[in-house]
Amino acid sequence: MRLSRYFMPTLREAPSDAQIVSHQLMLRAGMIRQEAAGIYAWLPLGLKVLRKIEQVVREEMNRAGAIEVLMPTLQLADLWRESGRYDDYGEEMLRIKDRHDRDLLYGPTAEEVITDIFRAYIKSYKDLPKNLYNIQWKFRDERRPRFGVMRGREFLMKDAYSFDIDEAAARRSYNRMFLAYLNTYARLGLKAIPVKADPGPIGGDLSHEFMILAETGESEVFAHRDLVEMGAPGPDLDWEGDLEAEVTRRTSLYSASDEMHDAARFAAMPEDKRMTARGIEVGHIFYFGEKYSKPMGAKVAGPDGADRFVQMGSYGVGVSRLVAAIIEASHDEAGIVWPDSVAPFGAAVVNLRPGEAAVDAVAEQAYGALTAAGLDPLLDDRDDRPGAKFAALDLVGIPWQLIVGPKGVAEGVVELKRRATGERQSLPLEAALKAITG
Ligand code: 5CA
């Protein structure tokens, strides 16, 4: 992409109502624009990052055996009357009437819709287990939308739903998601810790939240320090197996959200292992058995021929919230420092003297080579001061800057800068390209 033709409306100052650094930086980098309280338009740079995160989430869901569907944003109120949640959900639900005076709602989650799909087609244990997910916009009329896309009213969620014949099988499905989540966050450059959580209005009795540690987090987390450093299990798991050992290795270490905190158990840990921190909830998983299948009549025949209610769980990732969470975890005074896996552009070529033939030629050559290597580079071909160009690219956090200027070109070198470390080196173009493409 040539920056001269792109749409990247960066701002020098963040609007004063942006209270946390991720919100300030997303506005300054021209990633989002607020259209109404808690409702945002995604501008090109923000959309690119959102799509990359979405793709990582999708790949890890697929690896764990989940199957993608796409459910509508608008749902029939009658389905929620069947489950008994229509009245319970309260003010957070955006309720709408169509021209036939039918009650609709903008889905805050999709347990009812997926259960309706399931019961229409799946009738036998032989078709289980199944895990269906979608990545779709949700709406919750939050009392206090704040911190930009961190707590929006309209937000992008990955929601997966598992269906199993009995509790033991449902537990295996839960374990798959638990570990797939850790792999997902690791690929996004994040250290996420699973904490025992309160299932809240989703219901059920087994639930974990996944927390990114950050001072601006809205939740309080209590955990064993070793959990933070334990790391993700990696992709090479036996995804068909029960995975119990991998999960237990983590759940046997103390961790809890404030609602589930057990002060006595926490105090019993060695003092140097006790960690109290703020966390951003970037995922939440639930096992709730028959909570929806029973009232909605989602039954399957077991091996004995008798029908039973299917055992369900649901698994959410806050995809749009993750954009902000990654920034909270990875930024400096100059701006955002994107992990390579989600950077909006893999590299930027900075032409310091657009219009000067020799400089243009090297910049174009670099741009062409990085494009061919699949890095999706940005070419800064604007006629602007070098300082302004560097500041903009630092702000938007492109991982590599390949700087082409008249002096270097005369000497046969370019300058290569790594955003994360600030490290700069002068080297021939071929060597610079090699450093970037690995
Ligand atoms: N049905 C279940 C799982 S599919 C569910 O809705 N879970 S949830 O309520 O915990 O939401 C899942 C994730 O969505 C949360 O962990 C959080 O990361 C994200 N999320 C929830 N509310 C918001 C919001 N208002 N703004 C941005 N992200 C949100």
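Let's start at isoleucine 403, whose bridge partner in β22 is glutamate 415. Two strands count as paired here if DSSP finds at least two bridges between them. The element names are DSSP runs numbered from the N terminus, with helices being H or I of at least four residues and strands being E of at least two.

Quick housekeeping, friends: this is a predicted model, where local features need pLDDT of at least 70 and side-chain atom pairs count only at pLDDT 80 or more, while totals for chains, interfaces and linings use all residues. Residues are numbered from 1 along each chain as its sequence is written, and side-chain values use heavy atoms, leaving out hydrogens and water.

Now, what is the strand order of the open sheet of five strands? It goes β20-β19-β21-β22-β23, with mixed pairing. At the edges sit β20 (378-380) and β23 (424-427), each pairing on one side only. On average, neighbouring strands in this sheet are turned by 20 degrees against each other, direction ignored. Axes, by the way, are lines fitted to C-alpha atoms, for helices over the stretch in contact, and angles run from 0 to 180 degrees between N-to-C directions.

Two helices pack on that sheet. Helix α11, residues 357-372, touches β19 (348-351), β20, β21 and β22, and its direction makes about 175 degrees with that of β19. Helix α14, residues 429-437, touches β21, β22 and β23, and its direction makes about 170 degrees with that of β21. Contact means heavy atoms within 4.5 Å.

How do the axes of α11 and α14 cross? They come within 11 Å and cross at roughly 30 degrees, which makes α11 roughly parallel to α14. For the labels, angles under 35 degrees are roughly parallel, over 145 roughly antiparallel, 65 to 115 roughly perpendicular, and the rest oblique. On the α11 side, the contact is made by Val362, Gln365, Ala366, Ala369 and Leu370, and on the α14 side by Leu429, Glu430, Leu433, Ile436 and Thr437. These divide into seven nonpolar, two polar and one charged. Nonpolar covers Ala, Val, Leu, Ile, Met, Phe, Trp, Tyr, Cys and Pro; charged covers Asp, Glu, Lys and Arg; the others, Gly among them, are polar.

Compare another pair of helices: α2 (residues 44-63) and α10 (residues 319-329). Their axes come within 9 Å and cross at roughly 110 degrees, so α2 and α10 are roughly perpendicular to each other. Val49, Leu50, Ile53 and Glu54 of α2 meet Val319, Ser320, Leu322, Val323 and Ile326 of α10. By class, that contact has seven nonpolar residues, one polar and one charged.

Staying with α2, asparagine 62 lies in that helix and, at 39% relative accessibility, counts as partly exposed. The scale runs buried under 20% relative accessible area, exposed over 50%, and partly exposed in between, with a 1.4 Å probe and protein chains only. Asparagine 62 and alanine 180 are 118 residues apart in sequence but 9.5 Å apart in space, C-alpha to C-alpha.

Last stop: strand β16, residues 311-318. Eight of its eight residues are buried, so β16 is largely enclosed by the rest of the structure. Strand β8 (residues 154-164) pairs with β16 in the antiparallel sense over eight bridges, and methionine 157 stands opposite glycine 318. Strand β13 (residues 274-289) also runs antiparallel to β16, joined by six bridges, with isoleucine 285 opposite tyrosine 315.
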